[in-house]
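Subject: Structure handover

Hello,

Here is the structure for you to look through. My notes follow below it.

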Amino acid sequence: MAKASGEVAAALLLALLLVFPSARAFYLPGVAPRDFQKGDELQVKVNKLSSTKTQLPYDYYFLEYCKPKKILNSAENLGEVLRGDRIENSVYTFNMRKDETCKVACRAKLSSEAAKNFKEKIDDEYRVNMILDNLPVAFPRKRDGITPSYERGFRVGNKIKDKYIINNHLSFKVMYHKDPESEDARIVGFEVIPSSVKHEYGEWDDKNPKVKTCTADIKLTPGSNALQEVAADTYVVFSYDVTFQPSDIKWASRWDTYLLMNDDQIHWFSIINSLMIVLFLSGMVAMIMLRTLYRDIANYNQLETQDEAQEETGWKLVHGDAFRPPVNSGLLCVYVGTGVQFFGMTLVTMIFALLGFLSPSNRGGLMTAMVLLWVFMGLFAGYSSARLYKMFKGSEWKKITLKTAFMFPGIAFAIFFVLNALIWEEKSSGAVPFGTMFALVLLWFGISVPLVFVGSYIGYKRPALEDPVKTNKIPRQIPEQAWYMQPAFSVLIGGILPFGAVFIELFFILTSIWLNQFYYIFGFLFLVFIILIITCAEITIVLCYFQLCSEDYHWWWRAYLTAGSSALYLFAYSAFYFFTKLEITKVVSGILYFGYMLIASYAFFVLTGTIGFYACFWFVRKIYSSVKID
């Protein structure tokens, strides 16, 4: 028994170490710069090979590139592993502020398998990602021929007239900002211009490799030599040169180049568009609250005779059924609890992002934070589901707690496991290793599930919420509803406005995920999130009021589904985005895209549904506690 508990403790420690590989690895942007003196060695690290056409990352050394004597993996956090990042050392080394020309990295002989791999990666437009001092390498280009912009990484090669050409010569440029009072300098930029050259050489010496195409004094001019073609049983010489250039860019601003966006006006348009929706809904809610409801409550409270009371119509008429527990009340409690868990995770993640903790320079930080916060928010999931369940006078709280702890994570993990198996089959580095998968399961079972039970225990022990009115023993018959008040139509209409409030920002989020770009405008995102909360709450209240006025008291599930239906539009939009913006051709890549978007849409359904439910719950309690019921 002691041995088993020791193994569990060791495994839990492994999971936490995977999440936090090093306390020193985390830093706030602008707090941990590195100073380099002239001649200091700079080690270029290599990351994954990535492609927007396949969405399947591969390890850099999957291709027959120059390898160091010993390949070392840098410390990774959980987010990096889940994203498929593999940070490894390389043969590319520089000396600070010392230019080098025509430095030979190695000569590699391409086997038929290696040549085939290179050709496939060139066909799929794969890009090589490198890192120097935590800065990703960028390929400079002109947008519209005028505006300078950058692309992350550089292409493996190009296809010219049915010939596969490999980029085997790299011209690096390192920008640095020198301290005027000392010899110290900080790296503020890392660019590369790749080119293809068929190097000429005499007798090859691995210890002292030299080529005739260029020398230490004569720099290689791109386009002046024959191109290096990819073919089986041919030798490819990989070379590079590096120049150092002083820059006025401060270290704290060095990421601005990568994050330069010309779309700020679109983001403001997104905010204004969302605010117009909110103002429209707020006007409707204000009209209902201040005018209609106030008049209703005043009239209901002035009724003096029994005859007048019997002639009542509208929402007061169903007061004896408004708080009747719904069908599948236990399942509703589970979904509400999971929604609270998501809401807490999203809110805290956004706050951390706004404070700069989750900037793009902290690779994998966003993913790590989300997984960890999800695990710890299990406490609130258990509490909220148990409180609601006790209000419904349920007695099997342990059963509800188990469902809360396992339903959403179980479904998401099952889909994730299938998608991961497909990635494994493609031999991609994006496949989550078994050890990481085990750590995720351990975080789920070892921390999240116990916290859900603790929260549930605390919530169930608290006194139940009292209904503002008594519930009749016999359910009232619901009159026939107009076509526009039918559940399906009402629910689908309710999801349009919450989706409309976020869909422009959604475009940028999808672009950052699927087109390998940085997303950093968390200020805009936080504003959109606040607008989403208000929109979900208001549309649910408005439709809930109309429903009660038509004497339909089945509002519990309707409130949840009204706001939650926005997830249907999100998934439909993701399909539209897939066919109009992405160039994915592989079946596996398509399955991955729709699999991950299905998980995202399911999560959005749970989040928005819970917001709508609690808004409606507050509204119904408020109006029925404001009228006198005999």
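Leaving out residues up to four places away in sequence, which residues does Thr-54 touch? They are Asp-124, Tyr-126, Lys-586 and Ser-589, where contact means heavy atoms within 4.5 Å.

Two notes on provenance. This is a predicted model, in which local features need pLDDT of at least 70 and side-chain atom pairs count only at pLDDT 80 or more, while totals for chains, interfaces and linings use all residues. Residues are numbered from 1 along each chain as its sequence is written, and side-chain values use heavy atoms, with hydrogens and water left out.

Back to Thr-54. This residue sits in the loop between β1 (41-50) and α2 (78-83); helices (H or I, at least four residues) and strands (E, at least two) are DSSP runs, numbered from the N terminus. Thr-54 is buried, at a relative accessible area of 0%. The cut-offs are under 20% relative accessible area for buried, over 50% for exposed, and partly exposed in between (1.4 Å probe, protein chains only). The side chains of Thr-54 and Tyr-126 also make a polar contact of 2.7 Å. A polar contact is a pair of N or O atoms within 3.5 Å; within protein, one must be able to donate a hydrogen and the other to accept it, and residues adjacent in sequence count only if both atoms are side-chain atoms.

Overall figures

The protein has 17 helices and 13 strands. Of its 630 residues, 51% are buried. Its accessible surface is about 30,600 Å², with 61% belonging to carbon and sulfur atoms; areas come from the Shrake-Rupley method with a 1.4 Å probe, and for residues only the protein chains shown count as cover. Among contacts between residues at least 6 apart in sequence, 82% join residues at least 24 apart.

Cores and helix α15

The largest nonpolar core has 99 residues, and Leu-548, Trp-555, Trp-556, Val-620 and Tyr-624 touch the most other members. Helix α17 gives the most to this core, with 18 residues. A second, separate core has 56 residues, including Leu-63, Cys-106, Phe-244 and Ala-431. A nonpolar core here is a set of buried Ala, Val, Leu, Ile, Met, Phe, Trp, Tyr and Cys residues joined through side-chain atoms within 4.5 Å.

Trp-556 is also part of α15 (residues 556-564), where seven of the nine residues are buried, so the helix is largely enclosed by the rest of the structure. The buried ones are Trp-556, Arg-558, Ala-559, Tyr-560, Thr-562, Ala-563 and Gly-564. Their cover includes α7 (329-354), α9 (378-391), α12, α14 (522-549), α16 (566-581) and α17. Beyond its neighbours within four places in sequence, Trp-556 is in contact with Ala-322, Phe-323, Arg-324, Pro-326, Leu-332, Met-391, Phe-392, Phe-613 and Phe-617.

Leu-598 lies in α17 (residues 587-624) and is partly exposed, at 43% relative accessibility. Setting aside neighbours within four places in sequence, Leu-598 is in contact with Ile-415 and Phe-571. Its C-alpha atom is separated by 9.1 Å from that of Ala-412, 186 residues apart along the chain.

Salt bridges

The whole structure holds 14 salt bridges, each a side-chain nitrogen of Lys or Arg within 4 Å of a carboxyl oxygen of Asp or Glu.

- Glu-151 pairs with Arg-127, the closest N and O atoms being 2.8 Å apart. Glu-151 is in strand β7 (residues 147-152) and Arg-127 in strand β4 (residues 127-132), so the pair ties together parts that are 24 residues apart in sequence. Glu-151 is partly exposed at 24%, whereas Arg-127 is buried at 15%.
- Asp-133 pairs with Arg-254 at 3.1 Å, N to O. Asp-133 is in the loop between β4 and β5 (135-136) and Arg-254 in the loop between β13 (234-246) and α4 (256-259), 121 residues apart. Both residues, Asp-133 and Arg-254, are buried.
- Lys-103 pairs with Glu-100 at 3.4 Å, N to O; Lys-103 is partly exposed at 27%.
- Arg-97, Lys-178 and Glu-183 form a network of salt bridges.

Surface patch

Trp-483, Tyr-484, Phe-489, Ile-493 and Ile-496 make a nonpolar surface patch of about 530 Å². Patches are made of residues with over 30% relative accessible area and no salt bridge, with like charges joined within 9 Å and nonpolar side chains (Val, Leu, Ile, Met, Phe, Trp, Tyr) within 5 Å. Phe-489 lies in helix α12 (residues 487-494) and is partly exposed, at 36%.

Regards
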